[in-house]
Amino acid sequence: MTLDMLGCIVGLIYIYQEYKASIWLWLTGIIMPAIYMVVYYEAGLYADFGMQIYYTLAAIYGFLYWKFGRKKGAEEIPITHYPRRLILPSILVFLVLWGALYLILINFTNSTVPVLDSFGNALSFIGLWALAKKYIEQWWIWIVVDIELAGLYLYKGIPFTAGLYALYTIIAVAGYFKWRGSLPKPLLKE
């Protein structure tokens with residue numbers, strides 16, 4: 001329960017930094033997975049446990065991309081739209097990941113929630129990548145993930161994390177509108 005509360009506090013810092021589009025979210029994103037590895041393992045959420053490794057690597061990538069990936073002369077990576085050409089490949093990657101994680105969970109763990117555990121993690125994979133690219137639509141991905149995981153964590157008896165993800169849902173809606181206001185005017189057509 002103590003790690004659940006600590007993870008919740010670090011998670012609040014993380015989502016605030018994401019809302020503000022602060023590069024520091026990536027450093028917080030390295031600390032948070034270390035805490036949640038233990039929380040998820042103890043709750044029997046093995047896909048969530050395994051995804052913490054990906055989250056750590058993605059946080060390193062996100063930090064480096066936001067720090068060094070900007071165009072010459074630009075102060076930071078701009079917020080843009082998810083390219084249409086990447087929608088179908090992203091859906092396919094999501095479906096393959098969901099299926100693969102599900103098969104791993106049913107064949108190699110004693111998971112009691114393999115469909116939901118694998119769903120949230122497969123979609124989070126896409127969401128974190130979209131966040132690293134600063135695509136505004138990443139917020140819509142997080143809304144779906146956050147609603148699903150809040151219910152799953154409540155069911156699995158980690159109430160602080162469930163509450164955190166319920167709050168993440170609200171902040172994701174607010175984050176979408178904040179980022180939308182930061183879009184360059186020619187990109188604002190939705």
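This is a predicted model: local features need pLDDT of at least 70, side-chain atom pairs count only at pLDDT 80 or more; totals for chains, interfaces and linings use all residues.

Reader: Why is Ser118 called buried?

Author: Buried means under 20% relative accessible area. Ser118 has a relative accessible area of 0%, and therefore it is buried. Ser118 belongs to helix α5, which covers residues 114–132.

Reader: What makes the pairing of Ser118 with Trp98 a polar contact?

Author: The limit for such a pair of N or O atoms is within 3.5 Å. The side chains of Ser118 and Trp98 form their polar contact at 3.2 Å. A polar atom of the Ser118 side chain also lies 3.1 Å from the backbone oxygen of Val115.

Reader: Which residues is Ser118 in contact with, leaving aside its neighbours within four places in sequence?

Author: They are Ala47, Trp98, Leu101, Tyr102 and Leu105. Contact means heavy atoms within 4.5 Å.

Reader: Why are Leu88 and Val96 called exposed?

Author: Exposed means over 50% relative accessible area. Leu88 has 55% and is therefore exposed. Val96 has 60% and so counts as exposed. Leu88 is in helix α4, residues 87–108, and Val96 is in helix α4 as well.

Reader: What makes a set of residues a nonpolar core, and how many residues has the largest one here?

Author: The members must be buried residues of the nonpolar kinds, joined through side-chain atoms within 4.5 Å. The largest nonpolar core has 56 residues, and those with the most contacts inside it are Trp26, Tyr40, Leu45, Leu128, Leu131 and Tyr153. At least two residues of this core come from each of α1 (2–19), α2 (25–43), α3 (46–68), α4, α5, α6 (138–155) and α7 (159–182). Helix α6 gives the most, with nine residues.

Reader: Which residues does Leu131 touch, not counting residues up to four places away in sequence?

Author: Leu131 touches Tyr14, Glu18, Leu25, Trp26, Trp66, Gln138, Trp142 and Trp179.

Reader: What makes a space a cavity and not a pocket, and how many cavities of 30 Å³ or more does the structure hold?

Author: In a cavity a 1.4 Å probe fits but cannot get out, whereas a pocket is open. The structure holds one cavity of 30 Å³ or more. The largest cavity contains about 290 Å³ of space. It is lined by 21 residues, of which Tyr14, Met32, Tyr55, Trp142 and Tyr165 are the closest to its centre.

Reader: Which helices supply the lining of the largest cavity, and which classes of residue does that lining have?

Author: α1, α2, α3, α5, α6 and α7 each supply at least two residues. Among the contributors, α2 gives the most, with six residues. By class, the lining has 16 nonpolar, three polar and two charged residues.

Reader: Which residues line the second largest pocket, and how are they classed?

Author: The lining consists of Tyr65, Gly69, Arg70, Lys71, Ile77, Pro78, Thr80, Lys133 and Tyr135. Four are nonpolar, two polar and three charged. About 170 Å³ of space lies in this pocket.

Reader: Why does Lys134 count as buried, and what is its phi?

Author: The cut-off for buried is under 20%, and Lys134, at 2% relative accessibility, therefore counts as buried. Phi of Lys134 is near 60°, a positive value in a residue other than glycine. Lys134 lies in the loop between α5 and α6.

Reader: Is Ala21 buried or exposed, and what is its phi?

Author: Ala21 has 16% relative accessibility and so counts as buried. Its phi is positive, about 55°, although Ala21 is not a glycine. Ala21 is found in the loop between α1 and α2.

Definitions and conventions: Residues are numbered from 1 along each chain as its sequence is written. Side-chain values use heavy atoms; hydrogens and water are left out. On a 1 Å grid over the protein atoms alone, a cavity is a set of points where a 1.4 Å probe fits but cannot get out, and a pocket is an open set with protein on both sides within 12 Å along at least five of seven lines; lining residues have an atom within 4 Å of a point. Grid points are joined across faces, edges and corners, and a volume is the space filled by probe spheres set on the points. Ala, Val, Leu, Ile, Met, Phe, Trp, Tyr, Cys and Pro count as nonpolar, Asp, Glu, Lys and Arg as charged, and the others, Gly among them, as polar. Helices (H or I, at least four residues) and strands (E, at least two) are DSSP runs, numbered from the N terminus. Buried means under 20% relative accessible area, exposed over 50%, partly exposed in between (1.4 Å probe, protein chains only). A polar contact is a pair of N or O atoms within 3.5 Å; within protein, one must be able to donate a hydrogen and the other to accept it, and residues adjacent in sequence count only if both atoms are side-chain atoms.
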